[in-house]
Amino acid sequence: MAELEKVGVPTVGFVAQSFEKDWQASARVFGVKALPWVTVPRPFVGLDAEDIYPLVDAAFDALVKRLTEPLAQEVAEEDRARPAEVIAVEGEDRYAALEHMNRIFMDQGWGDGFPLWAPTRERVDAMLRGTKRAPSQTVAVLAPGKGIATVEKIAVNAVMAGCRPEHLPVLLAAVEAIGDPRFMMRNVAMSTGAHAPLMIVNGPIVDKLGINTGRCALGPGAPSAVNTVLGRAIRLIYMNLGHAYPGHMDLDTLGSPTKYSMCLGENMDASPWEPFHVEKGFERGASVVTMFTTYALSEVEDNYGTTPPAVLNTTSLSACNAGVKSVGYWLCGWRADPDARVQVKDKHLLIVCPVHAAVYKKHQWSKQDVRDYLYQHARMPFEQLIAKTEAAAFRKSHPQLQWLWGSPQTLIPILETPDCFEIMVAGGMGGRSTYSYGAGEPVSRLIEQ
Amino acid sequence: MTLHVLNPVARKVEEQGSSAPRLSKLEGKHIGLYWNFKAGGDAALRRAGELLQSRYAGLQTKLYVGSIGGSNHFLTKDDAKRISGECVGMIGSTAD
């Protein structure tokens, strides 16, 4: 809508209550301070036409006014005055000042709800010694708020999360990854879905930093302390650098505990395959971080299967969850960044536990064998997947598949192509892999040594 | 004591743009209806179009969808340019 205003077409949008702040914030990001809207009491989703029409009728007069009358009423709320770059916090003693800082930061919306470390000049300078890059260097401009993520701002949030200087290179590479248009940050950070960033680390840096690849790799607890702070820093970066604040530009319906922190390393001791990052084209000796957005994680519990098909049959059943957006998403098209004109397929990630990895190893199944099996067996009836998909989008995106309307029981793959199943190995000993329903594709970056 | 801490929030890239002038009247105009494919948006726009056509003589409407995307289809800059040659106003529904 902002692009239309910029080329001289007056617009007005229907905006549901509780989405107005997001509308205004988005308008400013897209360069149109006054982007007119009319408020309706609730979103149109989940309503029949007979329930939608009265909402439109009630808003119609206001809608006409927005198209025809000067925009005096549409001045977007002024940004709160930006706090200073150095904030002075008083307290009776150091502990009281730290508590006071936490209250201020939470009032501003700058934290995740857990106590924050104080980003003093000294601590941030210490953090910056973890990289050779200049503090003022821009690593990425992050959606949805087009925040300028400099090395120093990343370091500030790393301190707040409890990271150490040796963690900073991982975070810098991770920010490069989420700043890549193929990561679809604007889409995944703003959605009403519970999109959570998963950080995967490969290479020598895993052991060097003590990133957990085994039991409880996704936390919580002491074995995953490094994992926890790295993942936490990413959440703070989403908010403070990407401006994806809950209720402001992050419109997640319920939220998810996975959004606090998700980071793990790959368990190469247990893997029968080449490392995840080598498959992505990096040198074996390189240290690499991959960022991947997930909707949800599902257990794949199978303590009985001793052959790949047995384990993968269980896996396929876990994968076939129509309630997750990305299951069958490909029917309506591809995730897109309209500014970069990039489109990506939705991919899912199978985190194979060592017990299941040993099954594949015994029977000499490659990753491709696993992908092909999942592609053939993780299928659902067309009528189940299209029921939660916009038919018009399906018609537009796949005109060649319209014959499926006449054969609605046809089993179709939940993901578009076999390569949409990503695979890595992690976890401790137990017959429990994890299936992660992704949103978009993983994006990998080299970590500076 | 005073603790001095750094502001964690990034400055934003400021994009400059302005809103289009409003229409002096709606009679006889071509008004676009933009639907991003989110559920219910089409019904809302259909109703808005019906009301406009019933109230303003000679007004015509046309439904637009974005050229790129999945469950949400987005308008690109090229789409906006093309549309600006076809209609003089747009009502949009993202259904959120």
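Biologist: Leaving aside its neighbours within four places in sequence, which residues is A:Met199 in contact with?
Modeller: This is a predicted model, to be clear. A:Met199 is in contact with A:Ala174, A:Leu230, A:Gly231, A:Ile234, A:Met262, A:Cys263, A:Val289 and A:Met291.

Biologist: And which residues touch the most other members of the largest nonpolar core?
Modeller: A:Leu171, A:Ala174 and A:Met199 do. That core has 161 residues.

Biologist: Zooming out, what is the secondary structure of chain A?
Modeller: Chain A has 16 helices and 16 strands. Its C-alpha trace spans about 75 × 70 × 35 Å along the principal axes. Buried residues make up 51% of the 449.

Biologist: What is the radius of gyration of chain A?
Modeller: It is 24 Å. A compact globule with 449 residues would have a value near 22 Å, so the two agree. As for contacts with a separation of 6 or more in chain A, 79% are between residues 24 or more positions apart.

Biologist: Now the two chains. How many residues of chain B are in contact with chain A?
Modeller: 57 residues of chain B, and they meet 84 residues of chain A. Elements of chain B that each supply at least two residues to that side include strand 1 (2–6), helix 1 (41–55) and helix 2 (77–84). Helix 1 of chain B gives the largest share, six residues.

Biologist: What does that side have by class?
Modeller: The side of chain B that touches chain A has 29 nonpolar, 19 polar and nine charged residues.

Biologist: Which strand of chain A does strand 1 of chain B pair with?
Modeller: Strand 3 (residues 86–90) of chain A. The pairing is antiparallel, over five bridges. Within it, A:Val89 stands opposite B:Leu3.

Biologist: How many bridges join strand 2 of chain B to strand 3 of chain B?
Modeller: Six, and the two strands run parallel. B:Leu33 stands opposite B:Leu63 there.

Biologist: Switching to backbone geometry. What is phi of A:Met184?
Modeller: Near 60°, a positive value in a residue other than glycine. A:Met184 lies in the loop between helix 7 (168–179) and helix 8 (185–190) of chain A. B:Phe37 also has a positive phi, about 80°. B:Phe37 sits in the loop between strand 2 and helix 1 of chain B.

Biologist: Is B:Phe37 buried or exposed?
Modeller: B:Phe37 is buried, because 26 other C-beta atoms lie within 10 Å. A:Met184 is buried too, with 27.

Biologist: And the peptide bond from A:Ala143 to A:Pro144, cis or trans?
Modeller: Cis, with omega near 0°. A:Pro144 lies in the loop between strand 4 (138–142) and strand 5 (147–150) of chain A. The bond from A:Gly219 to A:Pro220 is cis as well, with omega near -5°.

Biologist: Last one. Why does A:Lys325 count as buried?
Modeller: The cut-off is 20 or more other C-beta atoms within 10 Å. A:Lys325 has 21, so it is buried. Not counting residues up to four places away in sequence, A:Lys325 touches A:Gly193 and A:Tyr295.

How values were computed: Residues numbered from 1 in each chain as written. Chains lettered and ligands numbered in written order. Predicted model: local features only at pLDDT ≥ 70, side-chain atom pairs only at ≥ 80, totals over all residues. Contact = placed C-beta atoms within 7 Å. Helix = DSSP H or I, 4+ residues; strand = E, 2+ residues; numbered from the N terminus. Nonpolar A, V, L, I, M, F, W, Y, C, P; charged D, E, K, R; others polar. Pairing = 2+ DSSP bridges. Core = buried A, V, L, I, M, F, W, Y, C linked by C-beta atoms within 7 Å. Buried ≥ 20, exposed ≤ 12 C-beta atoms within 10 Å, placed from the backbone. Rg over C-alpha atoms; globule rule 2.2 N^0.38 Å.
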